[in-house]
Amino acid sequence: MKKVLAILLAASLLSLAGCNGSSSSGSSNAPSNSGASGTSQSTDGEAPATNLSTPGGKQGGTMVVYLSGDPSGWNPDYKSDDNLWPIAQNVFNRLIKLAPFDGIDMDLAKSYEFSEDGKTLTFHLHEGVKWHDGEPFTSRDVKWTYDTMISEKWFKAQSLESVESIECPDDNTVVFHLKAPDVTIIAKLAWYGTFILPAHIYEGTDVATNDATMNHPIGTGPFKFDSFTTGVSVKLTKNADFWGDEPMADEIVYSIITDQETAYQAFLNGEVDYYGSTIPTAHTHDLDDNPDYRLFHSLAQNRTYITFNFNDPDFSKVAVRQAFAYAVDRQGIYDRLGDGKGKAETFISPLQTDYVDENYKMPERDINKAMELLESAGYTKDADGFYLHTTFDCFESGNFADIAQIVKANLAEAGIDITINMMEYAAWGEKVKDNKNYSVTMLAGYQGPDVSGVAARVQSDGSSNFGGYSNPELDEAMIASNSCSDKAERAKYLSTVQRIMSEDMPLVLLMDNGGYYPVRNTTLGSPWDVPEKAASSEMTYFCYSEDK
């Protein structure tokens, strides 16, 4: 019987936030299992076991987890919120979920299968699941969640673009009828913004102002929401009626620490039990020989990049975007900050080895070429020696401040003057994501587990395409690739995507993120422990998972 990691779904996937900074990036390069036409996946038809025995483990207690900022709300599907993401994984469930190392696990679904033609996807749900208010969970909740996501165009509605309709033949079965075969849908349903919400709470109300969105989230997960103190903490308490493995901790407290250095020191001092991020660059090797910690190294399908507002008169010009690409010293960024990371070269993650086209790469640095491009677009230097002045809006996260300073110096050599505007994530989200009040910004984020993850950044309706980039040829190739079960044929469509990205330069790629993840030896069951099955007589807090 598959054993499920019951306590640390939140902390374990902190590192995969949808557009958070590189300090929070990363999962390893283990392949994902995205499903395919005519295939099925199951957890032996049984609900996960409860009361797992952990060698040396202790029942009860409080787990303190680092969180980099306040959540902006409590509905994990309505809009993107990286600070809610880790909490949501303990309060809510999905049909299926992203497992450590880019794998896919069952969640509310105990099995699924595709029809032979790949156009019907059936999920079989666990029985006896209850919402935190005691109401029964049924297939109606799944249908309401996804139907509403599509009709109201929530931020991950694109994940369901292949869905024609959803039906519920009974309380424990959900059937997706697809417009065409979609080899990406399993991976997409396991990722961001796809948690199942309680229809009986939301139906007939304004989702944005519903109390469950504003103040009191209600899920089916192993922990219930207890309290939130702005700028201080979020507290969850164990769900005694949880349908899966019983959590070993009585409560989880997310300690809100906006400064990464402060958070790291709190972890070293024992004020935080689980850090969940890469070690800050300045401390990369501080714990190498420390017997009190286990270190896990990872390169992720998570990339840091510069992107633009395509409605800005300057950055609607491809020559200007290309000039940025030639001016930025990606090698210099890598040399200074890239321990455990990689200089981004190709237009999809190098971990997607079946689909990377080496013919299309980021250009090598060439200051003269950057200036030629600006002059070809009609720019001339002013009295201060600059062709262009602009503002670089960034949020504080990990190494973003360091990267921004390097980029500023690089661009100045090519006659581009940028003013760095560093903000907290919530302020950045309002200015950049919500109001599109910017010219240039920097992002990082996961682009998996399936290769189609890049679509969120560059497809016209992509959930993280904040700048409004649109190329119909790219959209067509991306959508066509989703229906290809043959890898070679799919690679041809994705080659077109990469060619267009190299020509249009919607993203100036900087770095493939990763690094060293520290886990204290008194903590068992982190995602990094899954393949290694670490054991200790003093392990506490976590249920151990025998498989991903």
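**Exercise 1.** Decide whether S495 is buried or exposed in this predicted model.

*Solution.* 
Step 1. Apply the scale: buried means under 20% relative accessible area, exposed over 50%, and partly exposed in between, with a 1.4 Å probe and protein chains only.
Step 2. S495 has 18% relative accessibility, so S495 counts as buried.
Step 3. Helices (H or I, at least four residues) and strands (E, at least two) are DSSP runs, numbered from the N terminus.
Step 4. List the neighbours: leaving out residues up to four places away in sequence, S495 touches D357 and Y360. Contact here means heavy atoms within 4.5 Å.

Two notes on the numbers apply throughout. Residues are numbered from 1 along each chain as its sequence is written, and side-chain values use heavy atoms, with hydrogens and water left out. As the model is predicted, local features need pLDDT of at least 70 and side-chain atom pairs count only at pLDDT 80 or more, while totals for chains, interfaces and linings use all residues.

**Exercise 2.** Describe the protein as a whole by its helices, strands, buried residues and contacts.

*Solution.* 
Step 1. Count the elements: there are 15 helices and 17 strands.
Step 2. Of the 548 residues in the protein, 61% are buried.
Step 3. Among contacts with a separation of 6 or more, 73% are between residues 24 or more positions apart.
Step 4. The accessible surface comes to about 19600 Å², and carbon and sulfur atoms hold 45% of this surface. Such areas come from the Shrake-Rupley method with a 1.4 Å probe; for residues, only the protein chains shown count as cover.

**Exercise 3.** Give the strand order of the open sheet formed by six strands, and examine the pairing of β12.

*Solution.* 
Step 1. The order is β13-β17-β12-β16-β14-β15, with mixed pairing. Two strands pair if DSSP finds at least two bridges between them.
Step 2. Find the edges: β13 (342-343) and β15 (416-423) each have a single partner strand, so one side of each is left without a neighbour in the sheet.
Step 3. Strand β12 (residues 293-308) runs antiparallel to strand β16 (residues 440-446), and seven bridges join them. T304 stands opposite A444 in β16.
Step 4. With strand β17 (residues 507-520), β12 pairs in the antiparallel sense over 12 bridges. The bridge partner of S298 in β17 is G515.
Step 5. Check burial: 13 of the 16 residues of β12 are buried, so β12 is largely enclosed by the rest of the structure.

**Exercise 4.** Locate the largest nonpolar core and follow the contacts of F324.

*Solution.* 
Step 1. A nonpolar core is a set of buried Ala, Val, Leu, Ile, Met, Phe, Trp, Tyr and Cys residues joined through side-chain atoms within 4.5 Å.
Step 2. The largest one has 70 residues; I306, F324, I333, F392, V407, V508 and L510 have the most contacts inside it.
Step 3. Helix α8 (residues 318-327) supplies the largest share of this core, seven residues.
Step 4. Beyond its neighbours within four places in sequence, F324 is in contact with F308, F315, L411, I416, V440 and V508.
Step 5. Another core lies apart from this one, with 69 residues, including A88, M106, W243 and I252.

**Exercise 5.** Find where N83 lies and what its side chain meets.

*Solution.* 
Step 1. N83 is in the loop between β2 (62-67) and α2 (85-91).
Step 2. Its relative accessible area is 6%, so N83 is buried.
Step 3. A polar atom of the N83 side chain lies 3.2 Å from the backbone oxygen of D70.
Step 4. Not counting residues up to four places away in sequence, N83 touches L67, S68, G69, D70, P71 and Y425.

**Exercise 6.** Compare the accessibility of the partners in the salt bridges D147 with K143 and K343 with E345.

*Solution.* 
Step 1. A salt bridge is a side-chain nitrogen of Lys or Arg within 4 Å of a carboxyl oxygen of Asp or Glu. The whole structure holds 17 of them.
Step 2. In the bridge of D147 with K143, the closest N and O atoms are 2.8 Å apart. These residues are four residues apart in helix α3 (residues 139-151), so about one helical turn separates them.
Step 3. D147 is partly exposed at 28%, and K143 is partly exposed at 29%.
Step 4. K343 and E345 meet at 3.3 Å, N to O. K343 is buried at 17%, whereas E345 is partly exposed at 24%.
Step 5. Elsewhere, salt bridges that share partners join K238, E246 and D250 into one network.

Technical notes:
A polar contact is a pair of N or O atoms within 3.5 Å; within protein, one must be able to donate a hydrogen and the other to accept it, and residues adjacent in sequence count only if both atoms are side-chain atoms.
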